[in-house]
Each structure stands twice: as structure tokens, then as C-alpha cells.
Amino acid sequence: MIRLLNRLTDPETRHPFFDQLEKLVRNRTGLAGLIIITFFVFCAFFAPLISPHNPIENALYEQLKPPVWAPGGSAKNILGTDDLGRDILSRLIYGARVSLMVGVVSVGIAVLLGTFLGSIAGSLRGWPDNLIMRIMDIILAFPGILLAIVIVAYLGPGLKNAMIAIGVISIPHFARIVRASVMEEMEKDYVLAARAAGCRRRRILFNAVLPNCLAPIIVQASLGFGAAILDAAGLSFLGLGAQPPIPEWGAMIAMGRSMILRAWWVMTFPGIAILLGVLGFNLLGDGLRDAMDPRLRD
Amino acid sequence: MARQRGSKPARQTAAVFRVSGSPGQSIVSRELFGLPRLCVIGAMPERNCIAGVPMTGFIIRRSLLVIPTLLGVSIVVFLLLAVTPGDPAELLLGERATEQSLEAMREYLGLNEPLYVQYGLFLKRLVKFDLGETIWTRQRVSREIMERFPATIELSLAAMFLACLFGVTLGIVSAARQYSAFDYLSMVGSLVGVSMPVFWLGLVLILIFSIGLGWFPVSGRLSIGTDLTVITRFYVVDAIVTRNWKALWDVLHHLALPAMALSTIPMAIIARMTRSSMLEVMRQDYIKTARAKGLSEAKVIFKHALRNGLIPVITVIGLQFGVLLGGAILTETVFAWPGVGKWLYEGVTKRDYMVIQGGTMMVAAAFVLVNTIVDILYAVINPRISVK
């Protein structure tokens with residue numbers, strides 16, 4: 001075990017992943033992002049253990065209790081309760097699960113399809129390139145959130161369709177990045193060497209070129225993750241995403257909106273949770289960009 | 001040797017080549033639409049490089065590009081309805097439709113014809129600006145949109161004004177005092193700004209400034225008791241033209257909170273962009289020359305650096321304006337602002353597909369037009385691109 005650890009941390013023999021990780025941790029922005037995200041992932045994984053109450057259980061005698069520090073609040077519900085008496089802190093903790101799932105699924109869709117389409121366009125060039133990139137241009141011709149809303153309007157509201165819609169609107173960003181990187185890498189000597197050695201095009205693309213294009217994809221994935229959480233919250237706020245009683249942050253804000261006069265806490269805390277979560281991924285994305293790919297700095 | 005996988009030296013040279021060999025700023029311009037609000041990644045598509053092509057040629061080509069883009073948009077809008085399960089005629093007319101009107105609608109849409117004929121009919125109606133009637137109010141969709149677009153544009157312009165004013169100022173000061181506490185705070189602030197859900201910020205603003213302090217109204221464009229002769233539907237313009245100062249005050253009061261909420265994301269992006277662009281310009285030799293000949297720092301910044309530093313910012317401003325037009329949906333819903341966004345959202349909740357179809361088409365068309373204008377404007381403002 002210790003030998004393995006030594007092997008992993010020794011600068012001479014360790015995998016390049018750890019070089020990147022060290023750079024990321026040394027970069028304050030990236031570290032801050034990493035800490036926030038770790039916190040949310042922790043909440044999501046251990047939600048049943050750390051949340052004080054059941055997030056979807058109504059407690060009709062505990063309706064609209066204020067947070068603990070406000071007059072009338074009790075330590076039983078630290079951040080207060082909503083109009084059905086559900087504990088807000090517990091709902092926030094479980095909400096981390098929903099948001100992370102939204103991020104993973106929609107960014108997953110976008111990365112897979114975007115990388116696939118982008119690498120085809122960048123390596124084949126010619127008409128496939130033209131066809132794919134023009135379709136991507138058309139998706140980009142819509143304001144992102146509008147297209148997501150419209151797709152969900154046709155597919156029907158729900159978390160699943162919201163994730164699909166958000167994934168679809170993010171595909172062009174990945175496709176463009178991958179295409180540009182693939183085109184750049186294809187010019188390099190190692191590709192020529194691989195071709196001279198008799199490698200097939202597909203093998204060159206997947207075994208040699210794509211691994212070298214990973215850095216911008218990872219950076220974009222991190223930023224896209226934050227944007228996906230934000231868009232999903234927006235869709236849920238409009239009633240198009242997560243349906244009750246799923247504890248989703250955007251849906252919680254929508255619920256709190258109607259009782260803004262009586263209970264400010266119902267809509268305030270979910271907003272802070274979204275803000276922190278998205279901030280974490282934006283910080284991580286910025287940090288990753290600085291650590292992995294200095295030329296992409298703005 | 002696993003460590004060589006990154007092939008670093010080759011990458012560095014490629015980077016130098018790319019930044020100097022092509023209009024580096026358009027990297028920013030392209031990737032900033034829509035989703036990755038902060039990302040300035042990846043290379044631009046070639047059509048953004050207009051190196052060596054004369055300006056008028058570029059303007060014509062770029063303008064003509066609107067046609068295929070709008071055709072593509074119309075195909076998407078058309079297909080969305082066509083692939084939705086169910087009878088499109090019934091979707092468009094709602095559940096209360098009679099068999100007779102359904103039959104008329106099927107005839108109108110050409111549902112008995114193949115798909116491409118249906119699309120042809122759809123396109124023909126679009127060109128005539130015939131977007132159908134809404135299910136609920138039986139109004140012409142095109143008229144409803146025209147009535148509401150000025151409200152959305154007014155809100156977007158007000159938000160853009162705030163975003164530019166504060167964004168550019170923050171960016172300049174941050175660049176002038178790089179690594180100072182101010183720089184740090186404003187950059188962290190701008191990161192928070194892009195991470196904030198706009199609809200939540202809107203509600204918080206209502207909570208603090210309308211309900212708590214009572215400074216601004218909660219929603220709408222005009223108080224019920226205020227008289228205003230509506231001419232252009234831009235209420236600010238109407239109030240000024242009719243010299244109705246009381247109404248102007250009221251209109252501005254209603255405009256303040258939604259504009260503030262809507263302006264956060266573009267403000268943050270503009271601040272970051274201004275800062276990085278100014279820092280890049282300030283490193284150049286001509287700035288050293290200006291300093292060496294003894295100019296004051298203020299003169300160096302405002303007379304020499306700002307002119308070049310703001311060029312990439314202008315693109316971002318333009319693109320963000322397009323994003324605002326679409327992003328107004330959430331803000332308008334929160335503030336009950338009677339614009340296209342709120343109307344479109346109501347169409348979605350009522351499942352009024354005529355509204356969804358027409359509204360999407362029009363907002364996307366506006367977005368495409370704004371982006372085209374920005375691209376052309378950028379080429380006109382930045383002569384360095386066309387010279388290369």
C-alpha cells in the first residue's frame with residue numbers, strides 16, 4: 001500500500017494525472033472550486049446520514065418555521081421549514097443529489113455526442129465536417145435557455161426531459177472545441193509517424209489524437225457542469241424540470257416565491273445553494289484551464 | 001515515458017502561432033453565446049476569419065449567411081412540432097377544438113401531404129409573417145409578438161446599459177490596479193455574478209428593495225394610476241416624447257429592479273473581458289512609449305490603452321445583448337414584465353403551440369440578426385483583422 005502511494009506521489013514515476021492535480025491544488029482558484037465541489041459531493045453521497053429529516057415527509061404542525069436564529073425558530077429545523085413543514089436543510093442536502101445528477105447526465109450527453117461529432121468533423125473534413133458544423137451552428141442560433149425550454153415544452157415537463165434538453169443545447173460547444181483540437185493535433189508529426197507505421201485512421205484518432213485533446217474538453221466539462229445546474233434550476237423554477245415532491249433547488253425557489261411575504265427563508269437558501277454549487281464548478285473550470293492549458297487563459 | 005504524453009513544447013509554439021496568426025478575439029466572441037458563460041476556449045470556425053477578404057465582400061457574405069441560418073432555425077422549429085407525438089392540428093388548436101376546425105387546420109398545415117410539402121407551406125406562411133392564432137385569446141400571434149417586443153427590447157437595453165457602465169468601469173480599474181484588493185474583489189464578484197441564478201436574484205431584489213424598503217414596485221411596467229400616451233410602446237421614449245415626467249419617473253422605477261437582475265451576467269462577463277483585454281494592451285510597446293514620454297497614468301489608460309482594449313469588449317457586449325433577448329424569459333416571469341419572454345412562458349404552460357412556434361421563431365430570428373450585426377460591426381471597428 002505504502003509502496004503504491006510512494007509510486008503515485010513520486011514526481012519521477014507517477015502518472016501525469018498527478019502532475020495536473022498538483023498544479024490544480026497549487027492554483028488557489030482551482031483549490032477553492034475543488035473544496036466546494038467536494039463538499040457538495042459529500043452531501044450528495046451521505047445525504048441519508050447527514051440530513052436531519054426526511055426531505056419529502058410532510059409535517060403539518062411544523063409549517064413555515066423560521067430558521068434557528070430568527071424569532072420563533074428552533075434548533076430542530078436549522079434553516080426552517082416550508083409550507084408543508086418539510087425541513088429546508090434536509091431538502092437542500094438531498095437537492096445536491098438532484099443537481100449533481102443533472103450535471104453528470106447532461107454534461108455526459110454533451111461530452112459524448114460533442115466529442116463524437118467533433119472528432120468526425122475534425123478528422124474527416126470535407127462534407128461530413130460541413131454538415132455537422134452547420135447543424136451545430138443552427139443549434140447555436142437559438143438562445144440556449146430558450147431552446148431548452150422549447151424542447152421541454154414539446155417533450156413534456158420532467159427532470160429526464162430537462163436533462164436531455166440541457167445536454168442537447170451544450171453539444172455544439174463540445175463539438176467545436178473537439179473539432180478545433182483534433183484539427184490541430186492531426187497536423188503534428190506523431191500522427192504522420194503513426195500513419196507511416198500503418199495505423200488505421202480510427203486507431204490514430206482514438207488512441208493518439210483524442211487523448212491529447214482532453215485538456216480543453218475537461219475544462220469545458222467543468223464549466224458546462226455549472227451551467228447545466230443553473231439551467232436545470234431555471235427550468236425547474238418555471239415548472240418544466242423536476243416535479244414535486246423532488247427536492248430540487250430551482251423548484252424550491254419557485255415554491256418559496258408564492259410565500260415571499262410570509263417566509264423569506266423558503267426561497268433564499270436554495271438560491272444560495274445553487275450559487276455556491278455553480279460557483280464551485282466555475283472556479284474549478286478556471287483553475288483547470290490555468291493548470292492544464294495555459295494558452296486558453298482569457 | 002508516460003510524462004511526455006502532453007507534448008508541451010509543441011503546444012506552446014502552436015499557441016503563439018494561433019494568437020498572432022488569427023483574430024484572437026473572435027475565440028471569445030464565438031464561444032460566449034449561450035451556455036458556457038465564462039469559457040473562452042477553443043478555436044473559432046473559419047468563417048470568422050476574414051483575413052485577406054475585402055470589407056464589403058465580408059459584409060455581404062456575412063449578411064447572406066443569415067438566410068441559411070434562418071432556414072435552419074425554421075426547420076428546427078417546424079420539426080419540433082412534426083415529431084411531437086399526437087395530431088399537430090389538435091396540438092395547435094387545443095383540446096376544445098371542433099372536428100370541423102380540426103379538419104380546416106389539417107388542410108391549412110397540409111397534414112395529408114408529405115413532410116417536405118408541409119415544411120414548404122410552413123415556410124410560405126413564415127415569409128408572409130403569418131404565425132397563426134393563439135388558442136386562448138384568438139389573437140394573431142404576429143400581432144401579439146409585435147405588441148410585446150418593445151417591452152423586451154427596452155428591458156434588455158436598460159440591462160445592457162447598466163452592464164456596460166459598471167462592467168467596463170470595474171474592468172478598467174481592476175486592470176489598472178492588477179493584484180490589488182479591488183482587483184481581487186471585483187473578479188471574485190464577477191465569478192459570483194455569473195454563478196447566480198437570475199430568477200433568484202430577482203426575487204431577492206424584490207424582497208429587499210420592494211417589500212423591505214419599499215423603494216421600487218414589485219412588478220409590471222407602469223402603475224395603474226399613471227397615465228401615459230402610448231406611441232412607440234417603448235415607455236421611456238413615450239414618456240419623454242410626450243413630456244410626461246411623472247410617467248417617466250414611474251416607468252424608470254418599474255424598470256430598475258428587472259434591469260438590475262438581468263444585467264448581472266453580462267456585467268460580470270464584460271468586467272472580466274475588459275480587464276483581460278486591458279491587461280493585454282497595457283503590456284504592449286506603445287504603452288511603454290506613452291509612459292516613457294511622461295504621460296500621466298490616467299492619460300495612458302484613457303487615451304491610449306482604452307481604444308484598443310475595448311475592441312474585444314464590444315463583441316462581447318453585442319453577443320450578450322442577443323443572450324439577454326432570450327434570457328429575459330426568467331426575468332420577465334419573475335417581475336411580471338409584459339414582454340415576449342413572459343408571453344412565451346405562458347404559452348409553454350398553457351401548451352399553446354402556436355405561441356411556442358411563433359415566439360421561438362421570432363426570438364431566434366432576433367438573436368441571429370443581432371449576432372450578424374455584431375460580427376459585421378466588429379470587423380468594421382477592428383481594421384487589424386481585414387488588413388491581415
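**Ala336(B).** I looked up Ala336(B) and found it exposed, with 12 other C-beta atoms within 10 Å. Ala336(B) sits in the loop between helix 15 and helix 16 of chain B. Helices here are DSSP runs (H or I, at least four residues; strands are E, at least two), numbered from the N terminus. Ala336(B) is not a glycine, yet its phi is positive, at about 50°.

**Ground rules.** This is a predicted model: local features need pLDDT of at least 70 and side-chain atom pairs count only at pLDDT 80 or more, while totals for chains, interfaces and linings use all residues. Residues are numbered from 1 along each chain as its sequence is written, and chains are lettered from A and ligands numbered from 1 in the order in which they are written.

**Confidence.** I took the complex scores next: ipTM is 0.86 and pTM is 0.82. For chain B the mean pLDDT (the predictor's confidence in each residue, from 0 to 100) is 77, and 85% of the residues reach 70 or more. Where is confidence lowest in chain B? I found it in helix 1 (residues 8-21), at a mean of 32. Helix 8 (residues 141-176) of chain B has the highest, at 90. Over residues 1-52 of chain B, pLDDT stays under 50. The model still has 97 contacts beyond four places in sequence for that stretch. A contact here means two C-beta atoms, placed from the backbone, within 7 Å.

**Other backbone entries.** Tyr179(B) is another non-glycine with a positive phi, about 65°. I located Tyr179(B) in the loop between helix 8 and helix 9 (181-195) of chain B. Tyr179(B) counts as exposed because it has 8 C-beta neighbours inside 10 Å. In chain A I noted a cis peptide bond between Pro244(A) and Pro245(A), with omega about 5°. Pro245(A) falls in the loop between helix 11 (214-237) and helix 12 (249-257) of chain A.

**Helix 16 of chain B.** Is helix 16 (residues 340-349) of chain B mostly covered or mostly exposed? I counted it as mostly covered, with eight of its 10 residues buried. Among them are Trp343(B), Leu344(B), Tyr345(B) and Lys342(B). The buried residues pack against helix 7 (144-155) of chain A, and also against helix 8, helix 15 and helix 17 (353-381) of chain B. Just after helix 16, Arg351(B) takes a positive phi of about 55°.

**Helix 8 against helix 15.** Two packed helices are described by the angle between their axes and the distance between the axes. The crossing is right-handed: a crossing is so named if the near helix is turned clockwise from the far one by less than a right angle, and left-handed if anticlockwise. The contact residues divide into 11 nonpolar, two polar and no charged. Nonpolar covers Ala, Val, Leu, Ile, Met, Phe, Trp, Tyr, Cys and Pro; charged covers Asp, Glu, Lys and Arg; the others, Gly among them, are polar.

**Val368(B).** I placed Val368(B) in helix 17 of chain B. Val368(B) is buried because 21 other C-beta atoms lie within 10 Å. Leaving aside neighbours within four places in sequence, Val368(B) contacts Ala141(A), Val66(B), Thr69(B), Leu70(B) and Val73(B). Val66(B) is 302 residues away along the chain, yet the two C-alpha atoms are separated by 7.1 Å.

**Core.** The largest nonpolar core has 175 residues. Such a core is a set of buried Ala, Val, Leu, Ile, Met, Phe, Trp, Tyr and Cys residues joined through C-beta atoms within 7 Å. Ala148(A), Ile149(A) and Ile270(B) have the most contacts inside it. Helix 12 (residues 245-282) of chain B supplies the largest share, 17 residues.

**Chain A.** I found 13 helices and zero strands in chain A. Of its 298 residues, 50% count as buried.

Definitions and conventions:
Buried ≥ 20, exposed ≤ 12 C-beta atoms within 10 Å, placed from the backbone.
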